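Here are a few exercises to work through with the model open beside you. Try each task before reading its solution.

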Amino acid sequence: MISDRCQVGRDFDRPYICLPEPHTNIIITTPRMEDVDSSIRIVNDPRVLKWVLGTTSPYTTARAESWIEGVKNTSNALLAKEGTFADGCPFRHILELKPDGSCEFLGDIGISRSNWTDILDPKERRSLLDENNSRVDGDEGIVFQIGYYLSPTHHGRGIMTGALSALLNQWAIPRMNAHRIKATLFHGNFGSRGVLMKNGFVLIRTVQKYTELDGEMTDLFVFEWTRS
Ligand SMILES: CC(C)(COP(=O)(O)OP(=O)(O)OC[C@H]1O[C@@H](n2cnc3c(N)ncnc32)[C@H](O)[C@@H]1OP(=O)(O)O)[C@@H](O)C(=O)NCCC(=O)NCCS
């Protein structure tokens with residue numbers, strides 16, 4: 001199994017990867033149902049909601065439970081998988097480990113095959129999806145996408161920059177053989193732009209007037225990381 005061969009921490013009650021210095025007290029681990037309430041509180045914060053969901057409609061308990069249930073199943077399947085390469089990362093919940101042994105849920109980071117939501121033409125999108133999904137795990141041509149959010153109590157400390165770096169270097173490169181990863185963000189999301197640029201992503205495309213956000217048509221920026 002991939003989980004038996006990976007260099008992941010095991011001194012917590014589940015496997016994890018650890019952020020680089022100076023955030024070694026922060027880990028990325030498998031999804032936990034006990035994080036539902038914290039995730040609802042964080043995602044419903046106006047500093048997070050519109051950037052993540054592209055809406056100001058509240059993130060409901062039912063939606064959070066169903067999301068975490070789904071990513072938990074995906075994570076279990078990834079950890080149990082036989083074979084050389086994984087088709088995603090089993091670790092996504094970002095937790096801060098406290099000196100007293102407790103931990104706090106800080107956010108989420110996920111990687112999966114691209115869903116090509118930046119492509120507005122349905123036929124072109126279908127064709128890209130079919131082509132990308134037909135590739136076998138570990139194929140260098142697969143295009144992945146990432147998404148993330150962090151509790152506003154912890155913004156601006158370099159945590160998501162470190163989390164993305166850990167995800168890339170400790171999992172996506174060695175365990176997924178990732179060569180192309182995309183990320184999209186709405187105009188005005190300077191925090192996310194900073195995280196991406198600090199990890200080597202570059203702006204490849206702008207989709208003008210992509211969607212309505214706060215009553216205005218907003219541009220979508222498409223960033224991409226390619227393995228050198
Ligand atoms: C985007 C987000 C994850 C960034 O996490 P973070 O841990 O605060 O980011 P970092 O501290 O690693 O910052 C990375 C860079 O961006 C800059 N940055 C961060 N927030 C910023 C902001 N609001 N405005 C301008 N620059 C910002 C930082 O200064 C840093 O650059 P520096 O090291 O040169 O100073 C966080 O703001 C968030 O959760 N936002 C809401 C959800 C979201 O936007 N998700 C992504 C959807 S595409």
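Contact here means heavy atoms within 4.5 Å. Helices (H or I, at least four residues) and strands (E, at least two) are DSSP runs, numbered from the N terminus. The model is predicted, so local features need pLDDT of at least 70 and side-chain atom pairs count only at pLDDT 80 or more, while totals for chains, interfaces and linings use all residues. Residues are numbered from 1 along each chain as its sequence is written, and side-chain values use heavy atoms, with hydrogens and water left out.

**Exercise 1.** Work out which residues of α6 and α7 meet, and how the two helices cross.

*Solution.*
- Start with the contacts: M160, T161 and L164 in α6 meet V195, L196 and K198 in α7.
- Sort them by class: four are nonpolar (Ala, Val, Leu, Ile, Met, Phe, Trp, Tyr, Cys and Pro), one is charged (Asp, Glu, Lys and Arg) and one is polar (the others, Gly among them).
- Now the geometry: the axes of α6 (residues 159-176) and α7 (residues 190-198), lines fitted to C-alpha atoms over the stretch in contact, come within 9 Å and cross at roughly 40°, on a scale from 0 to 180 degrees between N-to-C directions.
- That makes α6 oblique to α7, since angles under 35 degrees count as roughly parallel, over 145 as roughly antiparallel, 65 to 115 as roughly perpendicular and the rest as oblique.

**Exercise 2.** Is V48 buried or exposed, and what is it in contact with?

*Solution.*
- Find V48 in helix α3 (residues 46-53).
- Its relative accessible area is 3%, so V48 is buried (under 20%; 1.4 Å probe, protein chains only).
- Leaving aside neighbours within four places in sequence, V48 is in contact with I42, V43, Y149, L150, P152 and H155.
- Check L150: it sits 102 residues from V48 along the chain, yet their C-alpha atoms are separated by 7.8 Å.

Definitions and conventions
Buried < 20%, exposed > 50% of the residue type's maximum accessible area, 1.4 Å probe, protein only.
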